[in-house]
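Reader: Could you walk me through how the helices of this model pack together? I'd like to look at it while we talk.

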Amino acid sequence: MTPELLLAYVLFCFATAGTPGPNNMMLLASGANLGFRRTVLHILGISCGLGFMVLCMGLGLGGAFRTYPVLHEVLRWVGAAYMLWLAWKIGTSSKVSDKDLRKPMTFLQAAAFQWVNPKAWAMALGAVTTYAPEGSGWTLVPLLAGTFMLIGAPCSAAWAGFGQGLRPFLDRPAVLRTFNIVMAVLLVASLYPLLVDHKAKPVSLEALADAPAPPPMRSHG
């Protein structure tokens, strides 16, 4: 990978991991309701889960989904149903007292959530199809996965930290209830591309990532 291509990929990671989406809306809500410390495993689970997904896509799983598009459609709608359920849980949370806190998402739960998160699919497929085309060296895929993890973790932490900063303003149940309802609505709104473009091919999900265009690949013989 050339320095120019690596820089483009780093910008891609920042653009996709740092912009609003299901993961970041949930981190914002978790930081506000549970605090940053109790959200750390959630943050790490997202980062490692995305990195593992990029690794799997680059090592052949992406080809399987292109060969059998029905698999992608099934995961697409299962993910939508699961996020609607999560939105309901967030929207019905109304207190910030230790005895009433809901359990935070665990590391494994956050990592597994990436497989039913439409934006995570867009990010992983976009990373592999754009920056690791067929014929590239096998060492490139672990590099892409590791870079995604390193860039994604601080981006996720920033969203949880912002939620933590809102806690002093959410000490009243009515205010917190309003905040959680807004977070639930935003989580549902993040499904809009999924519901509108439900017949799109998996590779078209790159558009969701809004990644900068990389320079052309150079052949090294």
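Author: Gladly! Axes here are lines fitted to C-alpha atoms, for helices over the stretch in contact, with angles from 0 to 180 degrees between N-to-C directions. This is a predicted model, where local features need pLDDT of at least 70 and side-chain atom pairs pLDDT 80 or more, while totals for chains, interfaces and linings use all residues. Residues are numbered from 1 along each chain as its sequence is written, and side-chain values use heavy atoms, without hydrogens and water.

Reader: How many helices and strands are in the protein chain?

Author: Helices (H or I, at least four residues) and strands (E, at least two) are DSSP runs numbered from the N terminus. Along the sequence the pattern reads α-α-α-α-α-α-α-α-α-α. The count is therefore 10 helices and zero strands.

Reader: How are H1 and H6 oriented to each other?

Author: The axes of H1 (residues 3-18) and H6 (residues 118-131) come within 11 Å, crossing at roughly 170°. Angles under 35 degrees count as roughly parallel, over 145 as roughly antiparallel, 65 to 115 as roughly perpendicular and the rest as oblique. H1 and H6 are therefore roughly antiparallel.

Reader: How do the residues of the contact of H1 with H6 divide by class?

Author: On the H1 side, Leu5, Ala8, Tyr9, Phe12, Thr16 and Ala17 meet Lys119, Met123, Gly126, Ala127 and Tyr131 of H6 (contact: heavy atoms within 4.5 Å). Ala, Val, Leu, Ile, Met, Phe, Trp, Tyr, Cys and Pro count as nonpolar, Asp, Glu, Lys and Arg as charged, and the others, Gly among them, as polar. The division is eight nonpolar, two polar and one charged.

Reader: What is the orientation of H2 and H8 to each other?

Author: Here the axes come within 9 Å at a crossing of roughly 170°. Among the residues that meet are Pro22, Met25 and Leu28 in H2, and Leu176, Phe179 and Met183 in H8. The residues of this contact split into 11 nonpolar, two polar and no charged. H2 and H8 are therefore roughly antiparallel.

Reader: Which residues have the most contacts inside the largest nonpolar core?

Author: A nonpolar core is a set of buried Ala, Val, Leu, Ile, Met, Phe, Trp, Tyr and Cys residues joined through side-chain atoms within 4.5 Å. The largest one has 50 residues, and H7 gives the most to it, with nine. Leaving aside neighbours within four places in sequence, Phe148 is in contact with residues including Tyr9, Val54 and Met123. Those with the most contacts inside this core are Tyr9, Val54 and Phe148.

Reader: Is Asn23 buried or exposed?

Author: Asn23 sits in helix H2 and touches Ile46, Leu50, Phe113, Gln114 and Asn117, not counting residues up to four places away in sequence. Its relative accessible area is 9%, where under 20% is buried, over 50% exposed and in between partly exposed (1.4 Å probe, protein chains only). Asn23 is therefore buried.

Reader: Finally, what percentage of the 221 residues of the protein chain count as buried?

Author: Among contacts with a separation of 6 or more, residues 24 or more positions apart account for 87%. As for burial, the share of the 221 residues that count as buried is 43%.
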